[in-house]
Amino acid sequence: MEAPQKNLALDLVRVTESAALASARWLGKGDKNAGDQAAVDAMRLSFDSIDIAGKVIIGEGEKDEAPMLYNGETLGTGMGPRVDVAVDPVEGTNLLAFGRPNAISVVGVAPEGTMYDPGPSYYMKKLVVPHEAKDVVDINAPVEENLKNTAKALGKDVDDLVVFVLDKPRHKNLIQEIRQAGARIQLHTDGDVAGALMAVDPLAEVDIMMGTGGTPEGVLAACAIKALGGQILAKLDPQKEHEKKALAELGYDLNQIFTVDSLIKSEDVFFAATGISGGTFLKGVRYTGDGAVTHSLVIRGKTGTVRRIQAFHKWEKLMRISAVKYD
């Protein structure tokens, strides 16, 4: 038996809250870069107060190419556990810019050396299911077979299932196969981290996620999937020749199947997400005039504890001490 230990996720939620509060000011204003930059600035300042020695494994890109939270950047005070960090200050920048639902701010943390580094891989094929179906799916199996096995594991019929798919031209055949199998589909323009989370969240309408999305987003989502006991199966799926060439030159195996345990190699994982634009997954930021209300999901992998936090922020007190201008 262990004495209760510090839950880093309760610190991380302050980071995602700050990013959501700052970026939500740009909801529907058509400027995705401004919204993303506001979230990045707020997130970086918030990380400065957390006692970790963090290194960004999943970020926005190399330092010289992006004024964002970049791969290799160090975060935290430098005191405390050494950890790998995955961040997406605004997951769904287009969703935020155009006022569409399900833009979220997301952070995942795992012990140093336990988080998969995707290197030059931008895209991966993914299959995400809740814990009830984690042992009955195969990413190389036909779509209909995976849907039947998932439905059986969940005690449902195939036509009860809801499948999250990104609405992209590359998924034309996948969408047709899902429809032929009889399952229902939610098509989303962006936000495959949110889609993966919905697939493992027992309160969400989505039962399974299928299709090709971002590799960094897959690793970030795996933090939550690991904590919730679900499964993500994935294969690198380069969409352009230069990506395929870069992977080949570095010896990446495009046939390798990744699981949640190979993407995140520790149970001691922490995850936090805060809604920005609202939607079916997490409610968005609501400004009240003298403050704001946020809604967040906070997960600790070691205990499996899931917290849903509704926070009320008051400008009168917060702005006396905050370096981030929220009001």
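Which residues lie nearest the centre of the second largest pocket? I looked this up in a predicted model. I found Arg 14, Ser 18, Ser 46, Leu 318 and Tyr 326 nearest the centre, in a lining of 14 residues.

**Entry 1: the second largest pocket.** I noted a volume of about 370 Å³. I then asked which elements give two or more residues to the lining. They are α1 (9-23), α2 and α10 (315-321). I saw that α1 gives the most, with four residues. I sorted the lining into seven nonpolar, five polar and two charged residues.

**Entry 2: α1 against α2.** I turned to how these two helices pack. Their axes come within 7 Å and cross at roughly 150 degrees. The cut-off for roughly antiparallel is over 145 degrees, so I put α1 down as roughly antiparallel to α2. The crossing is right-handed. On the α1 side I listed Leu 12, Arg 14, Val 15, Ser 18, Ala 19, Ala 22 and Ser 23. On the α2 side I listed Gly 35, Ala 38, Ala 39, Ala 42, Met 43, Ser 46 and Phe 47. I counted nine nonpolar, four polar and one charged residue in this contact. Arg 14, Ser 18 and Ser 46 belong to the contact, and I had already met them nearest the centre of the second largest pocket.

**Entry 3: the largest pocket.** I noted a volume of about 1,300 Å³. Its lining has 45 residues, and Gly 59, Glu 60, Tyr 122, Pro 216 and Glu 217 lie nearest the centre. Among the elements that each supply at least two lining residues, I marked α2 (32-47), β1 (53-58) and α7 (215-228). The lining divides into 15 nonpolar, 15 polar and 15 charged residues.

Notes
Residues are numbered from 1 along each chain as its sequence is written. This is a predicted model: local features need pLDDT of at least 70, side-chain atom pairs count only at pLDDT 80 or more; totals for chains, interfaces and linings use all residues. Side-chain values use heavy atoms; hydrogens and water are left out. On a 1 Å grid over the protein atoms alone, a cavity is a set of points where a 1.4 Å probe fits but cannot get out, and a pocket is an open set with protein on both sides within 12 Å along at least five of seven lines; lining residues have an atom within 4 Å of a point. Grid points are joined across faces, edges and corners, and a volume is the space filled by probe spheres set on the points. Ala, Val, Leu, Ile, Met, Phe, Trp, Tyr, Cys and Pro count as nonpolar, Asp, Glu, Lys and Arg as charged, and the others, Gly among them, as polar. Axes are lines fitted to C-alpha atoms, for helices over the stretch in contact, and angles run from 0 to 180 degrees between N-to-C directions. Angles under 35 degrees count as roughly parallel, over 145 as roughly antiparallel, 65 to 115 as roughly perpendicular and the rest as oblique. A crossing is left-handed if the near helix is turned anticlockwise from the far one by less than a right angle, and right-handed if clockwise. Contact means heavy atoms within 4.5 Å.
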